[in-house]
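Here's a quick briefing for anyone opening this structure for the first time.

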Amino acid sequence: MHLVTILLPITRSDGSPQPRTLFAKLRTELIERFGGVTFFSRAPAEGLWEDEGKVEHDQIVLVEVLVQSLERHYWTELRTRLERDFAQDEILIRASAVERL
């Protein structure tokens, strides 16, 4: 079993908010495909990174899905689509093996 986490920015590069429809569409897709999803969106996290000596930041929403097996092809295609839809150079999708206790 794996926990897949998607880190999504709540604003675009120009500071304008991401369209709410993008989050709603993703929520629906993940529920239909995997049977559930968790959005951590009440208190956005802050992502920081250095780019050419300047510290950049994003406020992000975490999206988590528990899956039985990794469908790498699906997650790769989803990442590519999210990068386009959210107008980002890179969207991070990560997976961790989990054991249900």
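Before we start, a word on labels: helices (H or I, at least four residues) and strands (E, at least two) are DSSP runs, numbered from the N terminus. Keep in mind that this is a predicted model.

- Sorted by class, the lining of the second largest pocket has six nonpolar, two polar and three charged residues.
- Is Ser-41 buried, partly exposed or exposed? Its relative accessibility is 39%, so Ser-41 counts as partly exposed.
- Ser-41 and Leu-8 are 33 residues apart along the chain, and their C-alpha atoms are separated by 10.0 Å.

**Salt bridges**

- Side chains of opposite charge can pair when their charged atoms come close.
- How many salt bridges does the count come to? The count is four, and three of them are picked out below.

*Glu-29 with Arg-81*

- The side chains of Glu-29 and Arg-81 meet in a salt bridge, at 2.9 Å from N to O.
- Glu-29 belongs to helix H1 (residues 20-34) and Arg-81 to helix H2 (residues 72-85), so this pair ties together parts that are 52 residues apart in sequence.
- Glu-29 is buried, at a relative accessible area of 18%, while Arg-81 is partly exposed at 22%. The cut-off explains the two labels, because buried means under 20% relative accessible area.

*Arg-33 with Glu-71*

- Arg-33 and Glu-71 also join their side chains in a salt bridge, with 2.5 Å from N to O.
- Here too, distant parts of the chain are linked: Arg-33 is in helix H1, and Glu-71 is in the loop between strand S3 (54-67) and H2, 38 residues apart.
- Arg-33 is partly exposed, with a relative accessible area of 43%, and Glu-71 counts as partly exposed with 32% relative accessibility.

*Glu-83 with Arg-79*

- In the salt bridge between Glu-83 and Arg-79, the closest N and O atoms are 3.4 Å apart.
- This pair stays within helix H2: Glu-83 and Arg-79 are four residues apart, about one turn of the helix.
- Glu-83 is buried, with a relative accessible area of 14%, whereas Arg-79 is partly exposed at 29%.

**The largest cavity**

- Rolling a probe the size of a water molecule over the atoms shows where empty space is left.
- How many cavities of 30 Å³ or more does a search of the whole structure find? The search finds one.
- The volume of the largest cavity is about 40 Å³.
- Its lining is made up of Leu-22, Lys-25, Leu-26, Glu-29, Arg-81, Leu-82, Asp-85 and Phe-86.
- By class, the lining of the largest cavity has four nonpolar, no polar and four charged residues.

Key: Residues numbered from 1 in each chain as written. Predicted model: local features only at pLDDT ≥ 70, side-chain atom pairs only at ≥ 80, totals over all residues. Heavy atoms only, no water. Buried < 20%, exposed > 50% of the residue type's maximum accessible area, 1.4 Å probe, protein only. 1 Å grid on protein atoms, 1.4 Å probe; cavity = no way out; pocket = protein on both sides within 12 Å on 5 of 7 lines; lining within 4 Å. Points joined across faces, edges and corners; volume = space filled by probe spheres on them. Nonpolar A, V, L, I, M, F, W, Y, C, P; charged D, E, K, R; others polar.
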